[in-house]
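Colleague: Could you walk me through how to read a few features here? I would like the general idea each time, and then the case in hand.

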Amino acid sequence: MHRHNKTMSRILVIILSLTTYSIGNTAPSIPTQHVKPLRELVGGAAGPLSLPSDVATDSRHVYVVDGGNHRIVTFDRNGKYRFQFGGQGNEHGHFESPVGITVAAGNVYVADSGNHRIQVFDQNGGFKRSIVTRSKKGLIRPIDIAVSPDGKQLYVTENTSHKVVVMAPDGRLLREWGGNGFNTGQFRYPASITRLNDDRVAVVDVLNTRVQVFNSSGSLSLVVGDWGVLPGQLFRPKGVAVDHDGRFYVSDSYMNLIQVFANSGQFLYVLGKSGKPYPFDTPAGIAVDDRQQLYVVEMLKNKVSVFALQP
Amino acid sequence: MTCYQRYRHLAHLFICFIGLLLIVGTPADAAPRLPSAKRECALCHIMWLTEFKRDDVTPLIAYDPKPVEKSGRQDVSSTERMCLSCHDGFVLESRFLWKQNQHTHPIGQKPSEHIQIPIVDGKNLFPLNDDGKVYCGTCHTAHGIDWSAKDSPIFMRVRSRDGELCQACHKEKTTGPAQGNHPIKEKPVVRPGFLETTRAQLSNDNTVTCQSCHSAHGAASKEKILVTENLDSQLCRNCHEDRHASDLTQAAAKKTHPVNIVPRQAKIPETLLTAGAKQGSKGQLICQTCHSPHDSKTQHGILVKDNKDSQLCRSCHNKQQQVAGGKHDMRLSNRQAVNIRGETVDKGGTCSACHLPHDGEGPKMWARKLPPNTEPMAAVCLSCHSKKGLASKHGVGEYSHPVGFAMGKAGENIKLPGFSLDGVKFDNAANGSVTCASCHDAHQWDPNQTLQSVSSETEGDASNSFLRIRNNQDSKLCRTCHKQQLYIVGSEHDLTETAPDSVNALNQKPSQAGICGSCHHVHNGLGPRMWARKLPPGIEPAAANCVSCHNPDGIAKEKAIDQHSHPVGVSIDNIGIKATLDKWVSRFPAPLGLKAPQPLPLYDERGHSLSGGQEIGCGTCHDPHRWSPDSTLAKTDVEGDAGSSFLRIADHGNSELCINCHADKSIVKHSKHGAKDLSINGKSKAGPCSNCHQPHQTKGAFLWARDTGSGEAPVEKLCTSCHRDGGTAKKKLTGDFSHPIGIELADHMKDPSLPLFKPGSIERSKQGKIDCTTCHDPHQWDPADMNSLAGSGKKVEGDANTSFLRVSAGENSELCIRCHTRQQTVLKTDHDMSVSQPRATNTKRQTVTESGVCGQCHSIHNASDSFRLWAQETSRGQNRNERLCLSCHSKNSIAANKVPAATSHPPDVHVWSGPSREALRPQAQAHLPVFDNNGEASKTGIISCPSCHDPHQWRAGATAAGPGYNSEGDTQNSFLRLTDTRAFVCADCHGLDSIYRYKYFHSQKSHQKHSLFR
C-alpha cells in the first residue's frame, strides 16, 4: 500500500512537473490568418441596413437579411445595390423580424421568425410561397434554414423546442431531432444552419457554444468548438459557413471574431493578423461563395464585410 | 504528513488535473454533459472564467471585468454587448431595442433627487453602477424574477407586469390626480387600439399603468420614452379619442376644446409655457398645453395651472376675459344658476357658466342646455335669451334677423365673422353662416370700450349690447354686411329725408333709429323682414311691409297700392317656373335667344324670403333699397319709370322684368301688339308689355293699362280698347257678323282645351263662356311658330294660320274643330275646297290655304251674312238655306256642275219634321229638318237643301273625313242625310214616286231621259 502510494506520488509529481514546466512557458500567441478585405455592403438606394442578421449568395446576387427593416436587401456580387423586397407585416412577401436566409434550388428561403414561417422567393424577390413552420408540438419560431440541392428537404432550426425540423416544400414535417439539453445531439438555441458539400448540415448551438454536424437523417457526425474564451473555443457562436475545402468558419458575436476549424473539427486559426483577431463588431450570419469570398454580417455596424479567403 | 493529509493532498492534485483537462478541451464525442454552475454563470459573467488568470494561455479577448460603457463603469455581465449577444434574434428577438436604442429608459445618469430607490437589507434594491449611475443592471438581472414567472418579464429585478418596477423608484408619479398625476389603475372608457400596434400595455386588470404610456425600451418617442409620439396629442388620443381633434371642425363636432390647432386669436403666454404648458410640433395647442400628466400643481384635471375662477382659460383667452364684470358674467347676474355639470359660477369659474372644455352640449363647448330644433349656434344664445331662459327679458322673437344662411350671400370681405354649424369661426371670409355671434361678441359689452363693468340692470342700446360694431344712426353694423342696401341713402325710402317725422313701432324717428332701424328691428320685429312699422291687417305677408306705408293713409299714400295690382301671394309655379333660391327654370317654352330667368326673391306664406317659399311678393319685383337697378344713385322727387321705381330689373324697352317671369309672353314684341307706337302716354322707354299692362293702379282685368272698350264679355272689353271705331286697331274690327262670344259651349261639344271664362270674369273655367281669348292669344302672332317674326309688320295681314290664334284654323281648321267636332267630317270631302276647288276664294279673297276648310264657307269675323257667318257671296234662292247652297251650286259658280235643274221645293208645301213626323211615319225614323222663314230648323216648315243634305258629311253616318278626292256621288253618299230613300221626307207625300222626282230634280242625265217631266 505504501509502495503503491509512493508510486502514485511519483507519477503525480512527474505530471505536475510537466504541467509546471508547461505553465511556466510564455503563453502562446493566438494563431491568426490574414484574409483580404474586399468591400462592405451597407445599403443602397433603399436606405441603410439596420441590424442585419444573415447573408446568402448565389451566382448573381448577395441577399442580406435586413432584420431591423424587416426586409431583404439584394446586392450584386460586386457589392452594388440591386433591389430590396419585403417590409414589416404578415402578408405574403412581408416579414416580421426575419433572421436566417439561404439560397438553393433557384429559390431564396427566408426564416420569417416573427411570423413563424419560411417564405420562398425567386431570385428577383418575387414571392413564391409561404410555409408555416411546425414541429410535432406545434408552431415554432424558425431561426435559419438550409435546403437540399433538389429543394425537397428544408432543414429549419428553431428555438421554441430547440430542434432541427426537416420539412417538405409543402410544409409537411418529415423529421426532427434535437431538443433542449446539453448533450451532443441536443441544443440550447440552435441558430445558423448550413449545408455541407457532402449533404451533412452544420448547426450552431448558441448557448452550448458549439457547432454540431449531422448527416441528413439527424445522426451526429461531428462537434466543432467548445465553450470558453481560448482559441478554438466559442462564447456566442452565431454563424457558420464552409469553404470549398470543408473548413468551418464560425462567428462569435460576443468575442467579435471568426474562428476557422478544419473539416475534422480541429481548430486552425482566427481570422486576423499577427496574433491579433480582426475586430469584427457583433458578427452574426456568415457565408462563403463559390469565389471563396467570405461574407460577414456585422449586426451593430449595420453592414456586411466581404473578404477574399485566398490571396 | 499523515496518511489522511497525503490523501487530501493527492485529491487536490487530482481535481486540479481534471480541471486542466477541462481547460485543454473536450473531444467531439465526449460523454454526456451536465449543467455546470461555472459554465452557466459564465454565460454572462464571462470574466469569472479562470482562463483569464492563467499565464499559459492567451484568451481571445482581454480580461476586463469592469468595462467602461456608455453608462459608465460596470460589471461586464450587464453590458449592452453582453445583452445583445443573446437578444439579437438568434436566441431572443429584441433587435427593436437597438434599432431605437436612443428611446430607452435613461442610463448613464445619476438618479435625480426625486428618485427614492428602495433599500433592502441595507442595499439598493435597484443597484447603480460603479459610477453611481443607472445602467442595465439597475433593473435587469438574471437572478431576480423566477424564470418560470408567467405574469412578468424575466430578467427583471422585481415583478413588473403592472408597472411595479417603475413605481418602486418613481413613486411620486403614481399618486393620482389629487396630487397632480395622471390616474393609474383606472380602466379606459374604450380599450385603446394602440395596444395592438405599439408597446403600450394595460395592467393585468386592464387598467392604466406606467407602461400604458411609457416603454422602457423601444419607445416610439424619445421624449419621456412614450409608446407613441405625443407632439400632436397622439398618445393622449388613444384613450381620450372623444377629446381629440385634428382641426376646429372635429373639435366642434366633439364638443371639446380645440386641440392640434395653432391658436389664431388666443395666445399661449410665455408664463404658461414656463409653468409647464407644451405646444405641438408646429406651435399648436395640444392636450399638454393645458394638462400635465405628471407634476401638475392642481388638484383637479392635472392642469398646468390652477383654473380657479377660470385663470387657466383666461391665460390664453385674454380678450374674452372682458366678460368678467359684465352682463354675461354670471357672478353678477345669476350666481345660483348651474351649468350642465351642476356647477355654479363660483365653483366652476366665470367661463364655466357658458363653456366646458370637454363634454359640452353643442357648439362652443356650451355649458348650458340647448333649445331643440334651433340653428346650433343661435341655440347657444337662445339657451338664455328665450322666453324661459335666464335672459328672458332680452328674448329673441320670431321676427328677428335670420341666421344659418351663408355669410357669402352678403358679399366678400365682410368684416364680421361667419360660423359653421359646429361653431367654427371664420373671420373676414365668405365661409360660414350668419348667426348671433356674427354681430355680437358675447364677451365685450361695448365694442369701443374694453374692460367695462356693466350692471346687470343696465339697458343696452345700439352702441353697446355686445355688438361687434356700434350701430348708431349711421347703421354701421348693418351696413357691414348689407352694402347693397346702402343705396337706399338719399332715395325716397330714406326716411331720414323723406319722412323725418314718421316713427317706427318703437316710436323712434329716423334720426333716432337710423336709416335701417326706421324699417327694421333686428330682434322682435312686427313681421317678416324684422319689420319695424305697424303692419296693415288683411294684407298678404309678402306685401304687408310695403303696404304699411304705401296705403291711402300711409306716409307713401301718393304711391298707395290698390287692389288692381299685380297679384302677390300667388305661386310662381302658376306661370310654369320651378324656383329655388339660386335658380329658376321655366317649364314653358321660351323663344330663342331669351336668357334663363334671373332668380328673384319669393316668399313663403308667412312672408319670409329665404325659406324656399314660392310666392310672389312686392320684393319679387322691387328692391326697396335701390332706386334704379342701373344706377347706384338715389333720387327723390322724381317720378319713377320702368327703369327705376325700385325695380330689380330695369326695362330697357323689352319689358325685361316682366318677361323674366312671363317668358312665353315675350314674343309679343314681334307682333303688332308689341309695336312701340302702341305705348301709352308716350312711355317709349317701357317695353311691349306696357302697351297693354301696368302692375299697379290698373284700369281693368289682366292689369289693363288702357281704357277699356265696349262689349259683353270681360276680355272683349279689353280687346275693344283698341279694336273699336277710332281705336288704335280700328282697322281690325270684328264686323257686324262675328262668331258669338259670351256664350257657353253646346252640350255636345267636348272640352276644346281652349280658355273659357267664368261669367263676367277673367277667371278661367272649363264650364265657362267663350271670350276673345278663347281663340286668340294676343301675345303670339303665329301659333305654329313662337319664333316667327312675321307678325311684326304693320301691314301684315293675318289669315287662319296666324292672326294671334291660339291654334291654327288653317288647313284642317283645327281651331274650329276643337269645338265643332261634329263638323270635322267635312274634311277631305267635296266641300273641302282643298279637294274640290283649291283655287276658289271666299268673300275675303282667301283661298282654302289661307282661310282653312271652314273658312271657305264661314267667316269668324266680318261675315257677309249673319246666317251661318257665310263667307261666300249668296245667290238667289227661295229661302236662306237655299241661297247659301246656291253660292256655289249655281251657274258660273265653283259647283256649277252640281246644280239641280230645279233647286226649290214648292214653298207652299209645309211639312212636318221631328217628333210630329215620327208620330205619323214611325218607320221613317230619321230626322230630316225643315225650316222656317229664317232658315232655322223648325217642327214644320219648308223643305230646303239641308232637309236632305248635311253639307259636312259625304256619307250618311260618317264619323271620319271624306275620301280626299272629288268623286261622283250616288244615293249612298252625296252629302245625303240618309241612304234609305224610302225614309226621305219626299216619300211622306210622294210615296214610291219620290225617287223619280228626285232624279228629275237632281240628275241632268235622268232629266233628259224622261222628257215627260220637262
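**Reading the model together**

Modeller: Happy to. Let's start with one residue: Lys578(B) lies in strand β7 (residues 577-579) of chain B. Keep in mind that this is a predicted model.

Colleague: Which residues is Lys578(B) in contact with, leaving aside its neighbours within four places in sequence?

Modeller: They are Asp573(B), Val585(B) and Arg587(B).

Colleague: Let's turn to chain A. How many helices and strands does chain A have?

Modeller: Chain A has 1 helix and 32 strands. Of its 311 residues, 51% count as buried. Among contacts in chain A with a separation of 6 or more, 46% come from residues 24 or more positions apart.

Colleague: How should I read a sheet, and in what order do the strands of the open sheet run?

Modeller: Follow the pairing from strand to strand. In chain A, 4 strands form an open sheet in the order β2-β32-β31-β30, with antiparallel pairing. β2 (36-41) and β30 (283-288) stand at the edges with a single partner strand each, so one side of each is left without a neighbour in the sheet. From one strand to the next, the twist averages 25°.

Colleague: Which strand does β30(A) pair with over 4 bridges?

Modeller: That is β31 (residues 293-298) of chain A, in the antiparallel sense. Within this pair, Pro283(A) stands opposite Glu298(A) in β31(A).

Colleague: Why is strand β19 of chain A largely enclosed by the rest of the structure?

Modeller: Check burial residue by residue. In β19 (residues 190-195), 6 of the 6 residues are buried, so the strand is largely enclosed. β19(A) pairs with β20 (residues 201-205) of chain A in the antiparallel sense, over 4 bridges, and Thr194(A) has Ala202(A) as its bridge partner. Their hairpin has 5 residues between the strands, and Asp199(A) takes a positive phi near 80° there.

Colleague: What about the largest nonpolar core: which residues have the most contacts inside it?

Modeller: Val64(A), Ile145(A) and Phe248(A), in a core of 99 residues. Beyond its neighbours within four places in sequence, Phe248(A) contacts residues including Ala202(A), Val211(A) and Phe261(A). Apart from this core lies another, of 92 residues, among them Cys290(B) and Ala634(B).

Note on methods: Residues are numbered from 1 along each chain as its sequence is written. Chains are lettered from A and ligands numbered from 1 in the order in which they are written. This is a predicted model: local features need pLDDT of at least 70, side-chain atom pairs count only at pLDDT 80 or more; totals for chains, interfaces and linings use all residues. Two strands pair if DSSP finds at least two bridges between them. Helices (H or I, at least four residues) and strands (E, at least two) are DSSP runs, numbered from the N terminus. Axes are lines fitted to C-alpha atoms, for helices over the stretch in contact, and angles run from 0 to 180 degrees between N-to-C directions. A nonpolar core is a set of buried Ala, Val, Leu, Ile, Met, Phe, Trp, Tyr and Cys residues joined through C-beta atoms within 7 Å. A residue is buried if 20 or more other C-beta atoms lie within 10 Å of its own, exposed if 12 or fewer, and partly exposed in between; C-beta atoms are placed from the backbone. Two residues are in contact if their C-beta atoms, placed from the backbone, lie within 7 Å.
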